[in-house]
Amino acid sequence: MAEKSDVNAKWDACLDLSVRRFVYSSLAGAFAGLLLFRTPVTRRASIAFGAGVGIGSAYADCSRIFDGSAAKLVPPKTTSSAPEELQPPNSLSNPSQCKLSEHVVICLFPYVFA
């Protein structure tokens, strides 16, 4: 019985989230349409765009609620896949490549092509 009430709580949270985001983003689109556009067609389009943004963000959060994963977007781990000859040198080979530009030291590290 606890699983059924858990699903009901998820549906309630999702429905509440969807309605609030739809209404708030539609109102934001209406306000932006009044400020930015003159014709009724473009004002309606801004309301529709706001409603779509609200529904889309609510859908994304609802799918996270039902899947149970709170995973955020994390960039993939990158490894050094560049060949050795394209790696920058570890130390500055020529100190004359550094220059002062308005309290900032800029050093250019040339790439080594073997």
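Student: Where do Lys10 and Asp6 both lie, and how many residues apart are they?

Tutor: Both Lys10 and Asp6 belong to helix α1, and they are four residues apart, which is about one turn of the helix. Before we go on, this is a predicted model, in which local features need pLDDT of at least 70 and side-chain atom pairs count only at pLDDT 80 or more, while totals for chains, interfaces and linings use all residues. Residues are numbered from 1 along each chain as its sequence is written, and side-chain values use heavy atoms, leaving out hydrogens and water.

Student: What makes Lys10 and Asp6 a salt bridge?

Tutor: The term needs a side-chain nitrogen of Lys or Arg within 4 Å of a carboxyl oxygen of Asp or Glu. For Lys10 and Asp6 the closest N and O atoms are 3.9 Å apart, so the pair qualifies. As background, side chains of opposite charge can pair when their charged atoms come close.

Student: Is Lys10 buried, exposed or partly exposed, and how do you know?

Tutor: Buried means under 20% relative accessible area, exposed means over 50%, and partly exposed is in between (1.4 Å probe, protein chains only). Lys10 has 22%, so it is partly exposed.

Student: How many salt bridges does a search of the whole structure find?

Tutor: The search finds four. One of them joins Asp61 to Arg21, with the closest N and O atoms 2.6 Å apart. That pair links distant parts of the chain, since Asp61 is in helix α2 and Arg21 is in helix α1, 40 residues apart.

Student: What makes Arg21, Asp61 and Arg64 a network?

Tutor: Asp61 also forms a salt bridge with Arg64, at 2.7 Å between the closest N and O atoms. With Asp61 bridged to Arg21 as well as to Arg64, these residues are linked in a network of salt bridges. Asp61 and Arg64 are three residues apart in helix α2, so about one helical turn separates them.

Student: Why are Asp61, Arg21 and Arg64 each called partly exposed?

Tutor: Set each value against the limits above. Asp61 has 21%, so it is partly exposed. Arg21 has 28%, so it falls in that class, and Arg64, at 35%, does so too.

Student: What makes a stretch a helix or a strand here, and how many of each are there?

Tutor: Both are DSSP runs numbered from the N terminus: helices are H or I with at least four residues, and strands are E with at least two. The protein has two helices and two strands, in the order α-α-β-β from the N terminus on.

Student: How do you know that the span of α2 is close to the expected one?

Tutor: The expected span is 1.5 Å times one less than the number of residues. Helix α2 covers residues 40-67, which is 28 residues, and reaches 40 Å from its first C-alpha to its last, close to the 40 Å expected.

Student: Which residues of α2 are buried?

Tutor: They are Ser46, Gly50, Ala51, Gly54, Ala58 and Cys62. Over the protein, buried residues make up 11% of the 114 residues.

Student: Why is Leu34 called exposed?

Tutor: Its relative accessible area is 56%, which is over 50%, so Leu34 is exposed. Leu34 is also in α1.

Student: What makes the nonpolar surface patch?

Tutor: Patches use residues with over 30% relative accessible area and no salt bridge: like charges are joined within 9 Å, and nonpolar side chains (Val, Leu, Ile, Met, Phe, Trp, Tyr) within 5 Å. Here Leu15, Val19, Phe22, Val23, Tyr24, Leu27 and Ile55 make a patch of about 690 Å², areas being found by the Shrake-Rupley method with a 1.4 Å probe, and for residues only the protein chains shown count as cover. Helix α1 gives the most, six residues. Tyr24 has 55% relative accessibility, so it counts as exposed.

Student: Which residues does UniProt list as "transmembrane region"?

Tutor: The unreviewed UniProt entry lists residues 21-37. Over residues 21-37 the chain is 94% helix and 0% strand, with the end C-alpha atoms 23 Å apart. UniProt positions are given in the numbering used here, feature names are shortened, and annotations may be inferred rather than shown by experiment.
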